[in-house]
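This report describes the strand pairing, ring contacts and nonpolar cores of one protein model. The sequence and structure come first.

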Amino acid sequence: SQNFPGCSFICSTAAWLCAFLCPIKVQMPALSPTMEEGNIVKWLKKEGEAVAAGDALCDIETDKAVVTLESNDDGVLAKILIEEGSRNVRLGTPIALLVEEGQDWKQVEIPPPDAPVPPATHAAAAPVAPPAAPSPPPLPKPTTSGPLRLSPAARHILDTHGLDPKLATPTGPRGLITKEDALNLLKKSPALEATPVMAAPPAPSAAPRLAAAPPPPGSRPNIPPLSVPGKPGAPGTFTEIPASNVRRVIAQKLTQLKTTIPHAYASVDCDMAAVMQLRSDLAKEQIKVSVNDFIIKAAAVTLKEMPEVNVTWSGDGPHELDSIHISIAVATDNGLITPIIKDAANKGVQEISANAKALAQKAQDGKLLPEEYEGGSFSIFNLGMFGVIGFSAVINPPQACILAVGTARSELRLREEDQTLQTQQLMTVTLSSDGRLVDDGLASRFLDKFRVNLEQPQHMALA
């Protein structure tokens with residue numbers, strides 16, 4: 001630089017240009033293990049505002065909840081690339097640009113989007129003409145002249161593919177065209193099989209047209225036209241409802257779970273008289289707890305007594321867990337989510353109640369953190385408040401079981417001790433268990449011990 005006075009100026013200018021041309025990209029992050037895309041709910045910083053590491057940039061709706069994205073760098077928010085309300089933003093997509101302090105953030109250069117990689121081609125390879133498609137075999141000539149007799153399945157196949165029933169060869173009794181006859185005709189018409197005939201709208205014409213002849217009495221109606229988006233309530237139309245990320249992931253997971261996990265089900269009725277009496281006694285002392293809080297406690301205590309049920313399934317087999325974390329299903333506008341009561345076996349009912357209320361409120365507000373709904377060992381799904389008597393729930397992997405809880409109901413039953421009738425408050429619970437981890441015998445023993453713990457709450461450590 002001493003020999004060349006302009007060298008230092010050139011170096012500093014080059015460094016400035018490098019910083020100018022290379023802003024810091026803020027990309028859509030993976031905020032949950034199953035997240036593939038996210039929605040930008042709200043930007044918490046404006047363009048031109050200073051940002052420090054750890055500052056909240058924006059709220060992002062994942063497949064689980066709304067999570068606040070924090071900045072990893074210091075600088076100035078130069079450009080918001082994805083506006084509020086944008087949906088289905090893929091992971092890794094740039095959503096904003098940061099520049100270092102002191103730089104002119106208004107002059108930031110927006111990088112071009114990543115171009116898709118074209119498929120590999122060989123320049124020297126000569127274009128190969130596609131082979132000529134074989135001409136379809138000629139359709140058979142009509143074989144029937146009298147009234148046609150079709151089975152329902154044959155009529156459906158022929159109407160769907162636009163085939164003339166008179167071309168089919170009847171093999172059924174008294175000239176009946178069977179399903180096999182319709183399929184044989186369809187095989188002889190490959191062009192129609194590949195592209196079913198769709199009813200196209202008639203071309204406009206100024207010439208008057210004759211009204212279509214009414215169908216003969218007693219004939220079956222034609223297949224209705226395909227539904228298309230249109231005005232609500234109009235015949236043959238429907239209204240599209242955009243699916244949220246949470247709803248889309250729930251649909252994918254439920255389909256996967258019901259087809260890959262061997263579900264087994266077992267139910268038992270629990271007498272809730274002791275729990276109801278204990279709740280009444282606690283209410284007199286201004287301690288308000290719900291029936292579901294006792295259910296959570298009973299499930300946790302039962303898991304502590306039967307650790308062989310407190311297991312999860314992974315790729316290499318079962319894993320026995322050291323902790324008992326109970327997941328509780330909470331219904332939100334976007335679907336179900338399962339916040340976790342951690343270390344439930346060592347908590348009293350009152351503490352469980354406080355934790356459950358706080359988590360349920362955060363779930364409704366979409367403010368659950370990932371560590372508050374991931375990693376449970378056992379799930380409870382209670383629909384008793386809606387009057388549901390009994391149901392079965394889908395297992396939440398990698399957990400082994402989920403307990404479906406119905407409403408408490410009054411029933412008149414015969415006492416075996418003195419053969420007298422008495423009214424009981426019964427509640428049906430159904431255990432869905434993964435057959436790879438919990439067999440039917442183990443599930444039955446678990447339900448029996450759970451019922452005993454719930455019917456004798458004084459035996460559980462309530463404090």
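The sections below go through the sheets, the aromatic pairs, the cores and two further local features.

## Basis of the model

The model is predicted, with local features needing pLDDT of at least 70 and side-chain atom pairs counting only at pLDDT 80 or more, while totals for chains, interfaces and linings use all residues. Residues are numbered from 1 along each chain as its sequence is written, and side-chain values use heavy atoms, with hydrogens and water left out.

Helices (H or I, at least four residues) and strands (E, at least two) are DSSP runs numbered from the N terminus. Two strands pair if DSSP finds at least two bridges between them.

## The six-stranded sheet

Six strands form an open sheet with mixed pairing, in the order β13-β22-β21-β20-β16-β19. Strands β13 (263–271) and β19 (340–341) each have a single partner strand and stand at the edges, so one side of each is left without a neighbour in the sheet. β13 runs antiparallel to β22, and nine bridges join the two. A266 has L431 in β22 as its bridge partner.

Helix α7 packs on this sheet and touches β16 (326–328), β20, β21 and β22; contact means heavy atoms within 4.5 Å. The direction of α7 makes about 155° with that of β20. Axes are lines fitted to C-alpha atoms, for helices over the stretch in contact, and angles run from 0 to 180 degrees between N-to-C directions.

Strand β20 (residues 378–382) runs parallel to strand β21 (residues 401–414), with four bridges between them. β21 in turn pairs with strand β22 (residues 421–434) in the antiparallel sense, over 12 bridges. A404 of β21 is the bridge partner of F381, and A404 is also bridged to T430 in β22. The hairpin of β21 and β22 has six residues between the strands, and Q419 there takes a positive phi near 55°.

## Aromatic pairs

How many aromatic pairs does a search of the whole structure find? There are two, where rings of Phe, Tyr and Trp (its six-membered ring) pair if their centres lie within 6.5 Å, and planes under 30 degrees apart count as stacked, over 60 as edge-to-face and the rest as tilted. F378 and F446 make a tilted pair, 5.6 Å centre to centre with 40° between the planes. F378 lies in strand β20 and F446 in helix α9 (residues 440–455), so this pair ties together parts 68 residues apart in sequence. F378 is buried at a relative accessible area of 0%, and F446 is buried at 1%; buried means under 20% relative accessible area, exposed over 50% and partly exposed in between (1.4 Å probe, protein chains only).

The rings of F381 and F391 have centres 5.5 Å apart and planes at 90°, so they count as edge-to-face. F381 lies in strand β20 and F391 in the loop between β20 and β21, so the parts tied together here are 10 residues apart in sequence.

## Nonpolar cores

A nonpolar core is a set of buried Ala, Val, Leu, Ile, Met, Phe, Trp, Tyr and Cys residues joined through side-chain atoms within 4.5 Å. The largest has 53 residues, of which I326, F378, L403 and L454 touch the most other members. Helix α7 (residues 291–305) supplies the largest share of this core, nine residues.

L454 touches C270, M272, V275, F294, I295, A298 and M427, leaving aside residues up to four places away in sequence. Another core lies apart from the largest one; it has 19 residues, among them L57, C58, I82 and L98.

## The four-stranded sheet

Another open sheet has four strands in the order β5-β4-β2-β7, with antiparallel pairing. Its edge strands, β5 (66–70) and β7 (89–90), each pair on one side only. Two bridges link strand β2 (residues 37–43) to β7 in the antiparallel sense, and E37 stands opposite R90 in β7.

Helix α5 (residues 245–260) packs on this sheet, touching β2 and β4 (56–61), and its direction makes about 160° with that of β2.

## Two further local features

The charged end of R436 sits over the ring of W313, 4.5 Å from its centre. A charge sits over a ring if NZ of Lys or CZ of Arg is within 6 Å of the ring centre and within 35 degrees of the ring normal.

E351 is in helix α8 (residues 349–365) and is partly exposed at 41% relative accessibility. Its C-alpha atom is separated by 9.8 Å from that of I341, 10 residues apart along the chain.
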